[in-house]
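Q: I would like a close look at one part of this model. Please keep the answer plain and connected.
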Amino acid sequence: MFKNIKICEYKDNKKISNDVKSIDYLNPKNIYLPLFDHNESYECLVNLDQKVIKGEIVAVSTKTKIPLHSSVSGIVKSINTKMWTKIGKLVECIEIENDYQETTNIILENRQLTNDEIIKSIQEAGIIGMGGAGFPTYIKYQKEADILIVNGCECEPFITCDYRLMLEQTIKLINGTHYALKALNASVAYIAIKKHNHEVIDILNKYIDDKIKLLLVNNKYPVGWERYLVYKATKRKYKNIPIEVGCVVNNVSTIIAINEAVRYRQPLIERLVTITGYCLENPINVRCKIGTTLDEIINYIGGLKHKYHKKVLMAGGGMTGKSIPVDELVITKSLNCVTIMPLPKEYNKLSNCIGCGRCAYICPTKLTPTEIKKYYQLKDKEELNNLKSNRCIECGLCSYICPSKIDLTFFTTKAKEFLKRG
Amino acid sequence: MIKKKYEIIKEPYIRKTSNKYYGTKNIMIDFIIALLPIILVGIYKNGVEVYIKNDNFYSLIHPLIFIILGGLFTFSIECVYYLLFDKSSVEISCIKKSLNSYSIIPGLLLSIILPLHTPIWILFIACLFATVIAKLIYGGFGNNIFNPALVGYIFVMTAFYGVIDGNKSDIFSAPTPLSSLNNLLFHNITIEELIENSGGLLNICFGLKSGTIAETSTLALLFSLIFLYVKRVIDIKTPIIIIVTFFFTAFIVALFLKINPFYFSLFNLFNGGILFGAIFMATEPVTSPRSYYGKIIYAFLIGLISLFLRLLSDLRDGTSTTILFMNMLSLIIDNFGAKLRVEELFINKLKKISIIVLIYLFITSYMIIKINSYKVPIEKPNEDINIELININQSYEKLKENIIEFNYKIKINNEQFIISTDIDGNIKSNINDLSEEYKEYIIEIIQKNKINKRSNSKNNHYGFIVSTTLNDDGEEIITSQARGYVNNVIIVAKYFNNKVEVIEVDLSKETELNGGLINSTGTKNDLINIGKGENSDIVSNVTYTSVSLFSARKAIYDYISYQYGGTNE
């Protein structure tokens, strides 16, 4: 039904950061809050040289009204600094200089809330999908659903932050799941997890009851895809979004953020990021503030190995991560991993398409990347529509499998953008 | 602070090509390796066996040289082309460029699918055409629309057909099983007889057949297919769908034509180039569709159309033409398949699939109707009358008077008649006493089985004595004749002192239609030995010609045993 494959390259990709306890880096020098993220621009609410406190709303998204909170207290230095974000582009950011005072008006209080209050506090906390997609979470909760799926698969190579979260913050995860269930009026929650993660399964088994069940998946890619998980848990198929069939899929990080937001009214200002890759001295999961730049974190955790001359930095895991040329990369809400790897040999030695059809065979959305590439180069909008280019989930499998090293994912993503631009 | 610069690559970072055993190069090398079983069997069958027969060292290495030359030709043609015309990147040598475009493959394939007796200069022309016209002017490896090897093959087969076919190095104009297929469809030989002539069903399926290297052994092809599948060089769907469609359609056609469907479809599947085409030609990635459903539709249509061409066209084997034709359509099919795959509405999907089904039904029914209209209707004899031809004998009494006459022993409703005719089947004996009905049947059965007529009855190889002369010194010169595949074969033998010695074997008329060019590789005595039916043929299996030789020889011995009471052999 849904194709997924085992990725055999870089077999120790998870191991290098799996077993290390995550550390905190909560004192960045400056933070940068990008004003454009996930196809949505944010409206800046602060002025230059304004003093802001931790947890203050500095920007709000134009369409979905997602607030962006300052994660430190300090002074707004600039509102148009250009910085690199995970989308692989330079984006205007609000720059806030940290005064290390941590002044805040966040009152951590234990609350009991109704459905609507939970959804409201999710919106107020500015929670978006933290697994990478960045879809505003409160929108998912506006309709009732009967199944909640907590996505802890982390099918993508190199990412381990969800694994560490499940291991270290199990209680928060379970509580967050209960809040989410309550908000949705859902009957059951599945925690999707890979079969071979025995440690986590052992811990989670203690909390399993009528409402929370485990959904074990194979160690393949892309099993963390929403459509696959919904089908696996309920045998339901949907057209656009899972709520159509009464399902909601949330990442583990998102659920924990919901827990913090609902229980303690804490906005989303921190997250766990996996900093990993063969080029790092100590690959590790770091809890850091939203807006921290990557170079500070790398320095803090011990820097880069010198033995590799040429390196590649990816905002994301080994499959979907976008390549970034500098390490002043801003940690945003949906950035879950940064991978720094040596440059592969002969990476640009393309050969002609031999037409083997592996890309079409492997595509989980049943697209034909070679055709899409052809019509993208011809800029044929109608054909691209007929070929359903916008179905692409950018999993990267077509480029991965291509024996001729053709960048099919790149072209398909471009075609998708091209269609979206209209 | 020093800025750490990173290289920019396109996502994803993880590529399967980081494994050095995965990539275009390895796929192509595996493809060449997969050809090895076929080449080895081909060399054994067409080189070693011929060498054992006639002790000519060149015939031992001929197949090997032929294959090596094929690869060498295309390789060097590409080298020269790049040297002369490609000025794009000077630092890469033309040899490297030629290697990078896997130029050796079309040449190897050509030498495998062309008949082995093709002159080398024709092989060269085929290679030139394949490489330059079909590959390089389209932009080289990966850009060609048509399968280069097939373009070269079709070109030389059309342009130099006479030269290729007339230059057979084996003495027998061996009708391969496929060329007998016409007889099955348009005359009245049965499939059982056809299979028997080709050495039985098992031999057809897995034996070594006459033909080009590619057609020799099904077993070797099977090995190649398994290798290609295990190494994931080809998509296993394509050959399987081609074979299944081909078999299934042949089955249906045979059912409608009231031929044994299993025999008919197996016979068609295991003869000719359909298996080789399905495994090595149709799966050639560059020229076949890339999309998932595209591959399925492409394979389906190849199976269907190659059967269509085989049964209804003059081409001996329609596979290569079909694949070229489908190459042309593969871009359209690719697009069609890609859209079919993402189609959301079931009804739209159904509409698209129904187009394919309609094409299938149309072509299949057309085939059945057309063949049925061609087929000579077999008149069924009246059920009340049971008529049977028991045997035919030459009348040696009349031979003494230099008249060639034959006695047909015919049984009608438990009554036996002996009818004498001349060589053309004109009745000599008095049959006026018989009833009109009986007369009609007797004439019919004699016309059907008459000697010296090319038909497919058992008696068409009947050997008989044409003349005998007794010399003064007691030698008797005996000339016997039998109908071959095309014309008569004649053996002249000398009987003296209880010994038979062959003086001459005349096959010139038999091979007349093939241009009359014979490079006989056997001696006269060899021919008689061959005619015994033991090792019936050097290259091919039992053929009309060898059966005729056998009959002619038998006639001589029959005559001698009649005249002298047997020889000491």
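What percentage of the 569 residues of chain B count as buried? Please go on from there to the aromatic rings.

A: This is a predicted model. Of the 569 residues in chain B, 52% count as buried. Chain B is made up of 22 helices and 7 strands. Among its contacts with a separation of 6 or more, 63% are between residues 24 or more positions apart. The accessible surface of chain B is about 26,600 Å², and carbon and sulfur atoms account for 60% of that area.

Now to the aromatic rings. Over all chains, the whole structure holds 24 aromatic pairs. One of them joins Tyr292(B) and Tyr293(B), whose ring centres are 5.7 Å apart. The planes of these two rings stand at 75 degrees, so the pair counts as edge-to-face, the cut-off for that class being over 60 degrees. Tyr292(B) has a relative accessibility of 22% and is therefore partly exposed, since buried means under 20%. Tyr293(B), at 26% relative accessibility, is also classed as partly exposed.

In chain A, one aromatic cluster is formed by Tyr376(A), Phe410(A), Phe411(A) and Phe418(A). Phe410(A) also has a charged residue from chain B over its face: Lys10(B) lies there, at 4.5 Å from the ring centre. Within chain A, Arg227(A) is placed over the face of Tyr238(A), with 4.6 Å to the ring centre.

How values were computed: Residues are numbered from 1 along each chain as its sequence is written. Chains are lettered from A and ligands numbered from 1 in the order in which they are written. This is a predicted model: local features need pLDDT of at least 70, side-chain atom pairs count only at pLDDT 80 or more; totals for chains, interfaces and linings use all residues. Side-chain values use heavy atoms; hydrogens and water are left out. Rings of Phe, Tyr and Trp (its six-membered ring) pair if their centres lie within 6.5 Å; planes under 30 degrees apart count as stacked, over 60 as edge-to-face and the rest as tilted. Buried means under 20% relative accessible area, exposed over 50%, partly exposed in between (1.4 Å probe, protein chains only). A charge sits over a ring if NZ of Lys or CZ of Arg is within 6 Å of the ring centre and within 35 degrees of the ring normal. Helices (H or I, at least four residues) and strands (E, at least two) are DSSP runs, numbered from the N terminus. Contact means heavy atoms within 4.5 Å. Accessible areas come from the Shrake-Rupley method with a 1.4 Å probe; for residues, only the protein chains shown count as cover.
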